[in-house]
Amino acid sequence: MEEIVILGSTGSIGQSAAAVLRSSPGKFAVAGLAAGTAGSALFAQIEEFAPRAVSVRDEAQKAILDDWLSAASRVGVDTMCGVSGLERLAVMPRNGRVLNALAGGVGTFPSLAAVKSGMTLLLANKEALVTAGALIMAEAARNSARVLPIDSEHSAIFQCLTGENRTDVSKIILTASGGPLLNMPAGKITPEIVLAHPVWRMGAKVTVDSATMVNKGLEIIEAMWLFGMALDRIGVVIHPECIIHSMVEYVDGTTKAVMSSPDMRLPVSYALNYPERVPGECGRLDFSMISSLSFQEFDPGKYPCFQLVMDAARGGGLLPAIVSTADEVAVDAFLSGRILFDDIPSVIEHALEWGRTEGAGNIEVTPESIGEYMRATRKIVPCQ
Ligand code: MG
């Protein structure tokens, strides 16, 4: 059996991964699980998958986990916490796969650890490539580690590229649902409105990022690193039905698209089983029931946050890490009612300007510089 570690096992993607593993029993052994909180969702996964090691957010959560393990007479489970716990789990599976479904910049260091030790990294955490794409892809190449995308758009692009020569690609087209605010009349935008995504059930951070289109900016950077594609050859089109998950246009004028019902179990299953496809329980497309697929031009002018992310991408160096960290802080502040939705762009802009005055576009991206600037960004943003 191949071993797998799931980082972020109780979140939306982590739960999809658990469902996929459940549907093919005997194929994978779960060596490790990581979750923020030691609660009932994690305990149920420990009961079901019997991992050798479990990591949680901090010492307080680890104490709760240890108590539960001893009360449940589960001996021999190695417990750990924090970033070091994630890094230890990421190098644990024997010749195996590490599924990184963490939310936010915390996913960066375990991703790096996984590729450095030659693991196959199944990546749902886009912030890792936004923050440290150059490092992660270079270490992956040096250590013959594979990076397989789970983000639905990137899974689609990966599938479109399979069997093709990269030199024949003319452009990548990312589809965007338009997010929860696409057809919303003007008015106060509350966390409740933003969290009601019309198609995807996802974690809070990525759902808010879909509304601001930060998510699509981060995904462009993610595609740039994953597929070695220049920024100006990656476009976006709004496609509210979320049936086409992204497209690749080739030099001869052919465009390939990947279509399926919007169900994250599909990209999870594809990455888990790659290069095989295995039968699954996901709904099939019934083209007699789909009356139309619609597309709208994506207007960056409507999305100041998207433009700021792209400015950071063009600036390079540590600017994407700074902008991504600032967005994380701003999303937290919005969800907890400390700032308004319309304040999010100014928080990101403040951090980007600060990064420019620091010359962060020209600072070498190393694990140390990333850590330093992620911490510094949290201090200078105006909404702690
Ligand atoms: Mg996506």
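Reader: What makes Phe158, Tyr270 and Tyr274 a cluster?

Author: Ring pairs link these three residues, and rings of Phe, Tyr and Trp (its six-membered ring) count as a pair if their centres lie within 6.5 Å, the pair being stacked when the planes are under 30 degrees apart, edge-to-face when they are over 60, and tilted for the rest. The model is predicted, and for this reason local features need pLDDT of at least 70 and side-chain atom pairs count only at pLDDT 80 or more, while totals for chains, interfaces and linings use all residues. Residues are numbered from 1 along each chain as its sequence is written, and side-chain values use heavy atoms, with hydrogens and water left out.

Reader: Why is the pair of Phe158 and Tyr274 called edge-to-face?

Author: The structure holds eight aromatic pairs. In the one formed by Phe158 and Tyr274, the centres are 5.3 Å apart and the planes stand at 70°, so the pair falls in the edge-to-face class. Phe158 belongs to helix H7 (152–161) and Tyr274 to the loop between helix H11 (265–273) and strand E12 (296–297), so the pair ties together parts that are 116 residues apart in sequence; helices (H or I, at least four residues) and strands (E, at least two) are DSSP runs, numbered from the N terminus.

Reader: Are Phe158 and Tyr274 buried or exposed?

Author: Both Phe158 and Tyr274 are buried, where buried means under 20% relative accessible area, exposed means over 50%, and partly exposed lies in between (1.4 Å probe, protein chains only).

Reader: Why are Trp354 and Tyr373 called tilted?

Author: Their centres are 5.8 Å apart and their planes stand at 45°, so this aromatic pair belongs to the tilted class. It links distant parts of the chain, with Trp354 in helix H14 (residues 344–357) and Tyr373 in helix H15 (residues 367–380), 19 residues apart. Both Trp354 and Tyr373 are buried.

Reader: What makes Asp151, Glu153 and Glu219 donors of the magnesium ion?

Author: Asp151 (OD), Glu153 (OE) and Glu219 (OE) coordinate the ion at 2.1 to 2.2 Å, and donors are N, O and S atoms within 2.8 Å of the metal (3.2 Å for Na, K and Ca), although sites may look incomplete, as water is not among the atoms. Glu153 in helix H7 and Glu219 in helix H10 (residues 214–227) are 66 residues apart, and they link distant parts of the chain. Glu153 and Glu219 are buried.

Reader: Why do E11 and E12 count as edges of their sheet?

Author: The sheet is open, with five strands in the order E11-E10-E8-E9-E12 and mixed pairing. Strand E11 (255–259) and E12 each have a single partner strand, so one side of each is left without a neighbour in the sheet.

Reader: How do you know that E8 and E10 pair?

Author: Two strands pair if DSSP finds at least two bridges between them, and strand E8 (residues 169–176) and strand E10 (residues 244–250) share four bridges in the antiparallel sense, so they meet the definition. Val169 has Tyr250 of E10 as its bridge partner.
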